[in-house]
Structure formats: structure tokens, C-alpha cells
Amino acid sequence: MERTVVLIKPDGMQKKIVGTIIDRFEREGLQLIGLKLINLTQEMLETWYAHHKDKPFFKDLSEFMKKTPVVAMVLKSPNAVNRVREVIGPTDSTKAPKGTIRGDHGDSIQMNVVHASDAPERAEFEISLLFKSTEIFG
Ligand code: CMP
């Protein structure tokens, strides 16, 4: 069993597609074991996106991520990281195939509806930043 983290970003929140997104994951056999709404702070974003901190898009990205509360969830299944990444499609929504969450609902590389962990170790790091152990059920 593997765990992964998904954030529904402010564009996904504003489009009111939280239920649609969770439904896609559940249909793929992913089990929801953690779920909450959270306001990401600048400090959290600097930790979360530390690898992007020196990129030209970081300022815009962090402003965008603070626009509304985001949904944070933990999903569990065999090979959860790759399964979720297949369901959401590539980072750039304009290149994501139809049938993927980003291909169907995303607008751009920044406004790409969801974030997902890119490796199992990264998922465990992201879980530790966002969730207490008592908030994970499974
Ligand atoms: P995410 O999966 O959250 O990981 C980092 C985020 O940075 C990514 O989704 C995009 O929203 C954003 N991002 C990555 N590359 C670019 C880029 N070239 N321009 C703007 N935003 C980007």
C-alpha cells in the first residue's frame, strides 16, 4: 500500500469541482484516508515549493495558492502516487489529454486544478506538513 497527497488548488475550488475530483479518485480505487480545508500560509508554501523558490513563477504561484482555502487529501492504494498522476495528467493543463482532471478542467501550467505528490517519500513529507497522525484514517 502507498499513500499520496492531493491538493485541490484555488482554481479547482472556484470552479466548484471538489466532488467531481474526489469521485474520479474513488472510481479509480483510491481510498480517501485524510481530508480537510486549509489556508496555506506563505511560510508553508516556501517549505512546500522550496525547490521552486528561486524560479521566476514562484511569487505568482504563491499568491495564487493563497487566494482561497484549498482541499488537502490523502489517498491510499497500491501504487497510489503513479495512479493519481495518471488520473490528473501532466502539469501543463494545455498539454493534458481529455479525460484527465487537468485536461478536462485546467487552464494553464499554473492554474492546473490539483497538485499531487511526485514520489512516495515526497508524499510522506507532504503528509507530515499538513496532517497530524490523528487526522489520517487508514
Ligand atoms: P504543482 O504540481 O503544484 O507543482 C508546482 C507548481 O508550480 C505546478 O503544479 C504549477 O502550478 C506551477 N508551475 C510549474 N511550472 C510552472 C511554470 N513554468 N510557470 C508557472 N507555474 C508553474
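**Exercise 1. Charges over rings**

Task: Determine over which ring the charged end of arginine 122 sits, and do likewise for lysine 36.

Solution: 
- In this predicted model, the charged end of arginine 122 lies over the ring of tryptophan 48, at 5.7 Å from the ring centre.
- The criterion asks for NZ of Lys or CZ of Arg within 6 Å of the ring centre, and within 35 degrees of the ring normal.
- For lysine 36, the ring is that of phenylalanine 131, and the distance to its centre is 4.9 Å.
- Pairs between aromatic rings are a separate item: their number in the structure is zero.

**Exercise 2. Overall form**

Task: State how many helices and strands the protein has, and give their order.

Solution: 
- The count is seven helices and four strands.
- Read from the N terminus, the order is β-α-α-β-α-α-β-α-α-β-α.

Task: Compare the radius of gyration with the value for a compact globule.

Solution: 
- For 138 residues, a compact globule would have a radius of gyration near 14 Å.
- The protein has 14 Å, so the two agree.
- The C-alpha trace spans about 35 × 35 × 25 Å along the principal axes.
- Buried residues are 49% of the 138 residues.
- Of the contacts with a separation of 6 or more, 75% join residues 24 or more positions apart.

**Exercise 3. Valine 71**

Task: Locate valine 71, classify it as buried or exposed, and list what it touches.

Solution: 
- Valine 71 belongs to strand β3, which covers residues 70-77.
- The relative accessible area of valine 71 is 7%. The cut-off for buried is under 20%, and valine 71 is therefore buried.
- Leaving out residues up to four places away in sequence, valine 71 touches Val6, Leu7, Ile8, Met13, Val18, Leu35, Lys36 and Leu37.
- Valine 18 is 53 residues from valine 71 along the chain, yet their C-alpha atoms are separated by 7.9 Å.
- Lys36, among the residues that valine 71 touches, is also the lysine whose charged end sits over phenylalanine 131.

**Exercise 4. Threonine 100**

Solution: 
- Beyond four places in sequence, threonine 100 touches Arg24, Glu86, Val87, Ile88 and Gly89.

Conventions:
Residues are numbered from 1 along each chain as its sequence is written. This is a predicted model: local features need pLDDT of at least 70, side-chain atom pairs count only at pLDDT 80 or more; totals for chains, interfaces and linings use all residues. Side-chain values use heavy atoms; hydrogens and water are left out. Rings of Phe, Tyr and Trp (its six-membered ring) pair if their centres lie within 6.5 Å; planes under 30 degrees apart count as stacked, over 60 as edge-to-face and the rest as tilted. Helices (H or I, at least four residues) and strands (E, at least two) are DSSP runs, numbered from the N terminus. Buried means under 20% relative accessible area, exposed over 50%, partly exposed in between (1.4 Å probe, protein chains only). Contact means heavy atoms within 4.5 Å. The radius of gyration is taken over C-alpha atoms; the globule rule is 2.2 Å times the number of residues to the power 0.38.
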